[in-house]
Amino acid sequence: MSHPTLSSQEAARRGKELYQKSIRAKVETQENIGKIISINVETGDYEIGDDLVETSLRLRSKQTDAALWGERIGFDAVYAVGGTLLRTAQ
C-alpha cells in the first residue's frame, strides 16, 4: 500500500502552481476548454480527458503512488454543486 508523501494542501498548492506556470499556456486551447486535466504534482506529467477518474487512472498507471491535482481547463472548478462554473479562459 502506498503512503502519500504530500499533504492535500501541499499537493493542491503544487498542482495550481504547475498549471499556472508551465502547463496552462500549452493546454488552454479551444479544443480543450471544459476538459479535465490531472497533474502529477511531483513530476509535472499530466493527462487530459473528459473524466477525472479516467485521467487520474492513466497517470496512476505510470506511477501508482502519484500525488495528483485535477482541474477543469478554462474554468474555476472541476464540478459545481448547486452553483455555476465560471469560465476563466479568454
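Keep in mind that the model is predicted. The chain has 2 helices and 3 strands, and from the N terminus these run α-β-β-α-β.

**The whole chain**
- Of the 90 residues in the chain, 32% count as buried.
- The accessible surface is about 5,800 Å², and carbon and sulfur atoms account for 51% of that.
- Take the contacts between residues at least 6 apart in sequence: 43% of them join residues at least 24 apart.

**The nonpolar core**
- The largest nonpolar core has 8 residues: Y19, I23, V27, I33, I37, I39, I73 and A89.
- Both α1 and β1 put at least two residues into this core, and α1 gives the most, with 3.
- As general background, nonpolar side chains in soluble globular proteins tend to be buried together.

**N32, a loop residue**
- N32 sits in the loop that links α1 (8-27) to β1 (36-40).
- Is N32 buried or exposed? N32 is buried, because its relative accessible area is 12% and the cut-off for buried is under 20%.
- N32 and D50 are 18 residues apart along the chain, and their C-alpha atoms are 9.4 Å apart.

**Helix α2**
- The buried residues of α2 (residues 52-60) are T55, S56 and L59.
- Looking down the axis of α2, those buried residues fall within an arc of 100°, so they line one face of the helix.
- What lies over the buried residues of α2? The cover includes β1, β2 (46-49) and β3 (68-72).
- On the face turned away from the buried side, α2 carries V53 and L57, which are exposed.
- V53 also features at the start of α2, where a side-chain oxygen of D51 comes to within 2.9 Å of the backbone nitrogen of V53.

Notes. Residues numbered from 1 in each chain as written. Predicted model: local features only at pLDDT ≥ 70, side-chain atom pairs only at ≥ 80, totals over all residues. Heavy atoms only, no water. Helix = DSSP H or I, 4+ residues; strand = E, 2+ residues; numbered from the N terminus. Buried < 20%, exposed > 50% of the residue type's maximum accessible area, 1.4 Å probe, protein only. Core = buried A, V, L, I, M, F, W, Y, C linked by side-chain atoms within 4.5 Å. Contact = heavy atoms within 4.5 Å. Areas by Shrake-Rupley, 256 points an atom, 1.4 Å probe, with all protein chains shown as cover. Arc of directions from axis to C-beta. Polar contact = N/O pair within 3.5 Å; in protein donor to acceptor, adjacent residues only side chain to side chain.
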